[in-house]
Amino acid sequence: MKKLITEIIKFNEERDWGKFHSPENLAKSISIEAGELLECFQWNNEYDIEEVKKELADVINYSLLLAEKLEVDPEEIVLNKMKETAKKYPIEKAKGKCTKYNKL
Ligand SMILES: [Mg+2]
């Protein structure tokens, strides 16, 4: 993960794009790229995996940039959120169900 983040930072520094990467712009970019990812599945269940991979990469790229900008560790925040989610969705209640936690 650290190697990937280092590569992403280097890529953007070489292009002097960091000045565009405010937290707000990065959050907007994540949402825009998530929309492009969703567009890959619009209208039918067939999708082009190469296009999906590119849009998923864009979402991950901007997400890691935002984590870096906010000085938070992406692995730590994902693992912490999973711990929170595990409390809301204990295995014995949630296994095999997609019901929201407050309705379990
Ligand atoms: Mg894109």
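The second largest pocket has a volume of about 170 Å³, a volume being the space filled by probe spheres set on grid points joined across faces, edges and corners. A pocket here is an open set of points on a 1 Å grid over the protein atoms alone, where a 1.4 Å probe fits, with protein on both sides within 12 Å along at least five of seven lines; lining residues have an atom within 4 Å of a point. Its lining is Ile9, Asn12, Glu13, Gly18, His21, Leu65, Glu68 and Lys69. H1 and H3 are the elements giving two or more of these residues; helices are DSSP runs of H or I, at least four residues, numbered from the N terminus.

A quick word on the source, friends: this is a predicted model, where local features need pLDDT of at least 70 and side-chain atom pairs count only at pLDDT 80 or more, while totals for chains, interfaces and linings use all residues. Residues are numbered from 1 along each chain as its sequence is written, and side-chain values use heavy atoms, with hydrogens and water left out.

Now the largest pocket, at about 250 Å³. Of its 13 lining residues, Asn12, Trp17, His21, Tyr62 and Leu65 lie nearest the centre.
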